[in-house]
Amino acid sequence: MSDWLEHTVQIEVDAPIEFVWSLWSDLEQMPRWMKWIDSVKVLEDNPELSRWKLATGGLEFSWQSRILKRIPNQIIQWESVDGLPNRGAIRFYDRGPSSIVKMSISYAIPGFLGQLMDNLFLGKAVESTLQADLERFREYALNAKATAE
């Protein structure tokens with residue numbers, strides 16, 4: 001029996017939504033701003049599938065994800081099809097000259113371990129890491145925007 005833990009974070013990026021979307025939808029670039037993601041490889045024969053590797057504190061996890069929904073400038077939704085059980089969505093909101101990026105991630109861990117780790121503030125650690133990832137993404141996007149201008 002597994003418990004699913006879910007985290008949602010968001011950030012505003014001072015760049016047009018089309019630009020923000022183009023950066024984020026290039027999945028193989030994610031390790032540039034996501035601290036725990038070691039690599040992402042989109043499968044050539046099926047671009048809806050990607051192989052992910054997470055590495056943190058000497059632990060390493062891998063999984064394959066499938067894109068469930070991709071609407072340009074709006075949403076990328078996924079779920080794992082093997083390996084580390086996870087699912088989530090990145091939503092994009094147009095705010096004129098800026099954009100909101102909202103990330104929701106859920107992952108499964110064994111029930112007894114989930115209760116223990118949640119009590120040890122795993123949830124707060126994951127959420128603060130995800131928020132820091134979004135802040136790194138904002139810096140990445142602003143640097144890319146400055147280079148493009």
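Colleague: How many helices and strands does the secondary structure of the chain come to?

Modeller: It comes to 3 helices and 7 strands. Helices here are DSSP runs of H or I with at least four residues, strands are E runs of at least two, and both are numbered from the N terminus. This is a predicted model, where local features need pLDDT of at least 70 and side-chain atom pairs count only at pLDDT 80 or more, while totals for chains, interfaces and linings use all residues. Residues are numbered from 1 along each chain as its sequence is written, and side-chain values use heavy atoms, leaving out hydrogens and water.

Colleague: Why is Arg66 called partly exposed?

Modeller: Buried means under 20% relative accessible area, exposed means over 50%, and partly exposed is in between (1.4 Å probe, protein chains only). Arg66 has a relative accessible area of 34%, so it counts as partly exposed. Across the chain, buried residues make up 39% of the 149 residues.

Colleague: Which residues does Arg66 touch, not counting those up to four places away in sequence?

Modeller: Glu48, Leu49, Gln77, Trp78, Glu79 and Val81. A contact means heavy atoms within 4.5 Å. Arg66 itself lies in strand E4 (residues 59-71).

Colleague: And what makes E2 and E3 a pair?

Modeller: Two strands pair if DSSP finds at least two bridges between them. Strand E2 (residues 37-42) and strand E3 (residues 49-56) have 5 bridges, so they pair, running antiparallel. One of the bridges joins Val40 to Trp52 in E3. E2 and E3 form a hairpin, with 6 residues between them.
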